Structure formats: C-alpha cells, structure tokens
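Thank you all for making time this morning. I would like to walk through the charged pairs, the strands and the aromatic rings, in that order, so please keep the picture in view while I talk.

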Amino acid sequence: MNKLNDKIGHFPRQLEDESIYIMREVAAQFERPALLFSGGKDSITLVRLAQKAFYPGKIPFPLVHIDTGHNFPETIEFRDWLAKETGAELIVRYVQDSIDQGKAKEESGKYASRNVLQTVTLLDTIEEFKFDACIGGARRDEEKARAKERIFSVRDDFGQWDAKRQRPELFDMLNGRIAVGENVRVFPISNWTELDVWNYIKEENMEIPSIYFSHKRQVIERDGMLWADSEHLNKEADEIPFEATVRFRTVGDMTCTAAVASEASEIDVIIEEILSAEISERGARIDDKRSEAAMEKRKQQGYF
C-alpha cells in the first residue's frame, strides 16, 4: 500500500477522545451552552461528537444557525434534515431581521456580502438566550487568526476578542471561569486538520451536503476562481454564467465562497485532492481576502 492510501480513512481516534472530553467539559462548566451550526462539514462533525459525548441521551444544547439569507439551498435543506434526524433543538436567527431593524447595513458593490453582518445577529442571539458558551467548528490549520485562539476562548461583555488576553491552557485544565457578561467560544476540533475531518466523515459514514461532492453547476469566473451563480451575486456585464463540474471545499455564503473544478464524487477521491492541493481550504473564501488581517478583525468585533 502506498503512502497516499495510508492517509485515506486513517483517523487518529485520540482526537475524537479529546473533542468528546471538551464537549463534556462545556456541559459541566456552563449553564447555557449552544452549538453554532453552519451546515458545513466541521459543524456536522461537531454534532456527531456531541451525539457520542452524551449518548444515549439527546444533545443537551441547541443548534444555533445565523442565517444570512445568502446560503446555499443544499446547506439549508441539510440543516433542517439533520436537526430532525438527531432530535436536536434548532434555533435560527436571520441577518435580514438585523438589517430591517437598522442594526446592520447591507453592503453594495461587486464584492458585497453579508458575512460580516452575521456578527450583529450572532451577538444579539447570544444576548437573547443568555448563552455563556458557544461551540464552533473552527480549526487552527484553517487560518492564522484561528491558530491564535485557545480551545476555550473568552469574549468580553461586548462579544469582542483580544488576541493579547489569551489564557494559558493545558488539555486537561480547560478554564471556563468567566465574569458577568462574558462568554466563551469553544473549539473542540481546534487540533484537527481538514484531512482529519474528511477521514472522520469517511470512517463514521456521515451524511454531508451534496455540494461537497462533484456536481454540475452554473458558475461565473471572477478573480481566477469559480463562483456559484445566484441572485445574491452582484455580477458585472462580462461575467457570463456557464456550466462547470465543481465541488466546494468549504461552505459559507454564496457571495463569498468559490468552488473548485473537480470530478471528485467519492470521499476517497476528495482526500486525494486535499493531499495534492496547492492552496489552503480557505483559499476559496473571498471574505478572508479583504485584508491581510481580515479574520482577526472580524473576531475582534465578535465574529465567531
């Protein structure tokens, strides 16, 4: 067996043990935790880990989705299916409501997106339900700002993050003590890689949205990348939609997530693509390219 095949379907189970431990620590240390659910592969992985952590009981906290209104339809369909399949409580709050209330302002122009506007709706949702811990699927290998965060990452009473005020952290000493008004963002799969996630999905035989697999789709070419054609995308006159065979490595809004040309219709082939890829997973996320420190600035403002 060659080295490539050795990496397909090989998931280090100590990572699962660590993540389950973290999930149980959240339930033990916090009064009102929630799992932030995007419908992407990482948050789907979190749901499976939560199921295992609390089996045979139900997941003891709600799934919370901040819906921008610009999501891929396949993602929303999968979100609703998974909540029903697992019996988990699903809470959905809408960016459109924040816009209608004058709390957020719609962007304009070629690269307009609601990605940044999610922060307003998220912070309002945390306040509405008094969540003291929000679990998310960010991983350290994705982006340099995410690599700075601890597994328990404290936010102040304005929901903001300060990279200079990180707590020392050992794996078996997760410090969940917070002051009144503060809350914690928790990252159980922080130490996983993209490859780990895909191997886990394979070994666990997990369902995921169809857009992760190769399919034919109307796209436009912009900045050397393939963007899904949609009514939410502000197209220029020369950006003519055409059909291509693509898949998505990461799933965000239709306005900020590019596809990759691919014939990978099976997980093993996707893993082979990841192993030979020359750009990172978030290299197709346009929202990360707004500035060198785009993600860190959004985190400082309260973004997940």
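Let me begin with a term: a salt bridge here is a side-chain nitrogen of Lys or Arg within 4 Å of a carboxyl oxygen of Asp or Glu. Please keep in mind that this is a predicted model, in which local features need pLDDT of at least 70 and side-chain atom pairs count only at pLDDT 80 or more, while totals for chains, interfaces and linings use all residues. Residues are numbered from 1 along each chain as its sequence is written, and side-chain values use heavy atoms, with hydrogens and water left out.

With that in place, the search of the whole structure finds 22 salt bridges, and one of them is between Arg247 and Glu273, whose side chains meet at 3.0 Å, N to O. Arg247 lies in strand E9 (residues 242-247) and Glu273 in helix H9 (residues 267-276), so this pair ties together parts that are 26 residues apart in sequence. Helices (H or I, at least four residues) and strands (E, at least two) are DSSP runs, numbered from the N terminus.

Another salt bridge joins Glu74 and Arg217, with the closest N and O atoms 3.1 Å apart. Since Glu74 lies in helix H4 (residues 73-86) and Arg217 in strand E7 (residues 215-222), the pair ties together parts that are 143 residues apart in sequence. Here Glu74 is partly exposed, at 21% relative accessibility, and Arg217 is buried, at 12%.

E7 and E9 run antiparallel and are joined by five bridges, and the bridge partner of Arg217 in E9 is Ala244. E7 is also joined to strand E8 (residues 225-228), by four bridges, and these two run antiparallel; across this pairing, Ile220 stands opposite Trp227 in E8. The hairpin of E7 and E8 has two residues between the strands, and in it Asp223 takes a positive phi near 55 degrees.

Finally, the rings themselves: rings of Phe, Tyr and Trp (its six-membered ring) pair if their centres lie within 6.5 Å, and planes under 30 degrees apart count as stacked, over 60 as edge-to-face and the rest as tilted. The search of the whole structure finds nine aromatic pairs. In one of them, Phe11 and Trp192 have ring centres 4.8 Å apart and planes at 50 degrees, so the pair is tilted. Phe11 and Trp192 are both buried, and together with Tyr200 they form one aromatic cluster. By contrast, Phe129 and Phe131 form a stacked pair, at 5.3 Å centre to centre and 15 degrees between the planes.

Definitions and conventions:
Buried < 20%, exposed > 50% of the residue type's maximum accessible area, 1.4 Å probe, protein only. Pairing = 2+ DSSP bridges.
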